[in-house]
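Please look at the model below before reading on.

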Amino acid sequence: MRQKVLQLMLPKDMSITWSDNLRTTAGYTRCSRDKLTNIYSCNIELASKVLTSFDRLRDTLLHEMCHAAVWVVNKQKDNHGPLWQTWASRCNLILPNVDVPTRCHNYEINYKFTYRCKNCPWKVGRHSKCSKLLESKCPKCHGSIYCVKS
């Protein structure tokens, strides 16, 4: 995929790793520049708890590779601006059946624990137990919070 879409413009040794620490974002591209050599580099982290299907993995990896291309090839930080959009459009032209997500994902995340308010519809998911949530009040109505194992 990297060769077809980005025509070998990204470094072959660019690090792509799984992260258990990313719990709500699907992926993250860390960009750096060596001030002595002026070499631009990136490493991509992918969220093991969010990317639970091939489609999510593919779409997120393409999205993060667009961020890497803006930094490594164009030598700019662009977030989701015009340069990033150009790379995403290029991906969409080459892979017409794939839509590169243009902003934050809307994936439903499967949490092990769901915390709910007893008084209103507020809820939040967590991958592990959080006793502090049980001791706190609902941010919407200040009601009591309880835990449901998902």
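Helix H2 is built from 19 residues and spans 26 Å between its first C-alpha and its last, which is close to the 27 Å expected at 1.5 Å a residue; the expected span is taken as 1.5 Å times one less than the number of residues. Helices (H or I, at least four residues) and strands (E, at least two) are DSSP runs, numbered from the N terminus. This is a predicted model, in which local features need pLDDT of at least 70 and side-chain atom pairs count only at pLDDT 80 or more, while totals for chains, interfaces and linings use all residues. Residues are numbered from 1 along each chain as its sequence is written, and side-chain values use heavy atoms, with hydrogens and water left out.

- Two packed helices are described by the angle between their axes and the distance between the axes.
- The axes of H2 (residues 54–72) and H3 (residues 82–94) come within 9 Å and cross at roughly 130°, where axes are lines fitted to C-alpha atoms, for helices over the stretch in contact, and angles run from 0 to 180 degrees between N-to-C directions.
- H2 and H3 are therefore oblique to each other, a word for angles that are not under 35 degrees (roughly parallel), over 145 (roughly antiparallel) or 65 to 115 (roughly perpendicular).
- On the H2 side, Leu 62, His 63, Cys 66, His 67, Ala 69 and Val 70 meet Leu 83, Trp 84, Trp 87, Ala 88 and Cys 91 of H3, contact being heavy atoms within 4.5 Å.
- The residues of this contact divide into nine nonpolar, two polar and no charged; Ala, Val, Leu, Ile, Met, Phe, Trp, Tyr, Cys and Pro count as nonpolar, Asp, Glu, Lys and Arg as charged, and the others, Gly among them, as polar.

**Residues with positive phi**

- Most residues other than glycine have a negative phi.
- Asn 38, in the loop between strand E2 (27–33) and strand E3 (40–47), has a positive phi near 60°, and at 40% relative accessibility Asn 38 counts as partly exposed.
- His 142, in the loop between H4 and E6, has a positive phi of about 70°, and at 61% relative accessibility His 142 counts as exposed.

Technical notes: Buried < 20%, exposed > 50% of the residue type's maximum accessible area, 1.4 Å probe, protein only.
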